[in-house]
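Reader: I am new to this structure and would like to learn how to read it. Please take me through the features one at a time.

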Amino acid sequence: LVHAPAPRDAAISRALAAFDACGADERCADALARDPARLLLDAWRGAGLANDLAGGVAWLNCDETAAGSLLDASSTITLADAAGGSYAVWLGPAATDGRFAPAAPASPLGALFSAGPPRAVAVDQRAACAREIAGRPLSDRPRCFAFQRGVAGASRNADETQRRAGASSCAPTLFIPSAQKGASSALAALLATHPQVLRPVRGSHYKEPGAYINAVYYRQSLARRASRFPWFRDDEPFVALDATVTYASESRLPAMRAALDAPRAFVVFALREPVARAFSDFRFCYRPYFFSQDIGFDAATLGALDAYDACYGAARAFYAANRTAAADAAGADAYYGLACQDLKLRRRDPFGLVRKSLYVYQVLHYRAVHGAERVTAVSAEQLKRDAPGAGRAVAAHVGLCESFSFGAGQRVHATRARVAPRHAWSRVGYRRLRAWFEPYNRRLYAALRTTESSLGWEEVDYPSFRDDRLPA
């Protein structure tokens with residue numbers, strides 16, 4: 001049980017105490033987590049209780065807490081205790097076979113919650129999803145790919161134990177690799193409501209495990225990488241989600257590392273109109289940097305355009321000459337090359353406000369690595385306009401059961417920082433930035449087979465423009 005405000009069951013208390021005893025020792029905690037069946041069996045025996053695991057323990061991933069839990073597969077309902085505290089219990093294999101067996105009254109779980117009636121679970125949708133999946137040939141169901149040794153770093157020399165750990169787990173096959181402040185959290189939260197989509201069990205907000213970024217990949221073992229994601233059997237039609245939004249902008253390597261583990265993964269970019277995304281990112285970094293340095297949005301972005309024009313001059317010239325392939329190659333080399341990246345480090349483009357909104361080369365790189373047919377995008381504006389429709393489109397792209405009905409989207413991790421009027425964006429600066437992004441956006445629309453209006457990226461007269469907030 002992950003969400004247990006006041007665990008009263010002796011066995012559960014003992015299991016939690018075992019983790020508490022590890023303190024800050026991550027190796028100790030990982031050792032317990034790698035053998036959950038033994039942990040729970042020891043806890044039950046230590047409490048003098050009979051084991052009712054009925055032959056095995058399945059991985060449990062709680063929707064309500066976006067964390068992991070382990071329970072008997074027969075305990076597949078969410079219950080509430082008499083005091084009103086809710087306890088999230090993963091539905092386990094029943095999420096896809098449609099069978100929901102209640103906990104045995106004499107079992108520790110049943111005794112723990114006997115005072116409270118079961119809370120309703122959306123059984124019908126999950127059962128319908130199970131029937132749809134069962135009717136598909138195996139080739140049309142989500143595939144499981146084992147974690148592979150890296151070509152560099154700590155996992156390159158994985159021993160037999162590490163290789164077994166990687167081979168017994170399924171690598172993530174659904175990525176949201178970009179963009180920060182582009183509604184990636186809202187998209188991840190929406191997709192995680194689907195019964196086949198499992199969140200990672202480590203990382204920021206159980207969304208960004210960061211398993212393939214440079215700072216993590218080189219020093220983590222193979223088993224450590226696998227431990228960032230939920231475990232499930234290769235015959236269960238789940239997909240593990242990785243929504244680390246720095247993958248696409250960091251370098252070319254995260255996409256290639258992910259493809260080594262899962263060569264047929266699906267990629268869904270979460271994109272917001274480029275200037276609006278940049279201003280949201282500016283607000284996100286406002287208090288720690290821009291406010292203290294007295295830098296306004298226009299100064300932080302417009303000052304970098306001349307330098308970027310020099311970086312992307314060859315690509316723009318090729319686009320003007322209708323030499324698209326040459327332009328794409330030159331642009332990608334500039335985007336991921338050291339010269340243009342150094343503009344961010346030298347504060348010509350602080351926090352990469354402009355660079356992170358230049359989506360086209362991120363998308364083209366993932367198309368080259370994972371295959372054009374496996375890469376798509378959802379805009380923040382589409383999520384706001386029709387979240388259920390966006391969810392259905394992604395489900396169809398990934399091959400998830402389409403009978404599931406997505407609910408309305410919600411704002412997640414919205415930036416609430418207020419910007420002083422003198423630092424806000426201006427209407428003139430907004431239009432200049434839109435004009436600068438336009439040739440790159442046209443190539444993006446062509447690559448994704450979409451349009452500006454479909455994405456909802458038309459020009460907007462925002463009330464937050466400082467032209468309207470400062471006295472004449």
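**Disulfides and a buried serine**

Author: Start with burial: Cys170 counts as buried, at 2% relative accessibility. Buried means under 20% relative accessible area, exposed over 50%, and partly exposed in between, with a 1.4 Å probe and protein chains only. This is a predicted model, in which local features need pLDDT of at least 70 and side-chain atom pairs count only at pLDDT 80 or more, while totals for chains, interfaces and linings use all residues. Residues are numbered from 1 along each chain as its sequence is written, and side-chain values use heavy atoms, leaving out hydrogens and water.

Reader: Which residue does a disulfide join to Cys144?

Author: A disulfide is a pair of cysteine sulfur atoms within 2.5 Å. Here Cys144 is joined to Cys170, S to S 2.0 Å. The link is left-handed, with -100 degrees about the S-S bond. Cys144 sits in the loop between α6 and α7, and Cys170, 26 residues apart from it, in the loop between α7 and β5 (174-175). Helices (H or I, at least four residues) and strands (E, at least two) are DSSP runs, numbered from the N terminus. Cys144 is partly exposed because its relative accessibility is 27%.

Reader: How many disulfides does a search of the whole structure find?

Author: The search finds four. With bonded cysteines counted along the chain, their pattern is 1-2, 3-8, 4-5, 6-7.

Reader: Where are Cys129 and Cys401 in the chain?

Author: These two cysteines form a disulfide, S to S 1.9 Å. The pair links distant parts of the chain, 272 residues apart: Cys129 is in helix α6, and Cys401 is in the loop between α21 (380-398) and α22 (427-448). Both cysteines are buried. The torsion about their S-S bond is about -105 degrees, so this disulfide is left-handed.

Reader: Why is the disulfide of Cys22 and Cys28 left-handed?

Author: Because the torsion about its S-S bond is about -55 degrees. The sulfur atoms of Cys22 and Cys28 are 1.9 Å apart. Cys22 is buried, at 7%, whereas Cys28 is partly exposed, at 27%.

Reader: Is Ser155 buried or exposed?

Author: Ser155 is buried, because its relative accessible area is 0%. This serine lies in the loop between α6 (123-134) and α7 (160-167).

Reader: With which side chain does the side chain of Ser155 make a polar contact?

Author: A polar contact is a pair of N or O atoms within 3.5 Å; within protein, one must be able to donate a hydrogen and the other to accept it, and residues adjacent in sequence count only if both atoms are side-chain atoms. For Ser155 the partner is the side chain of Arg225, at 2.9 Å.
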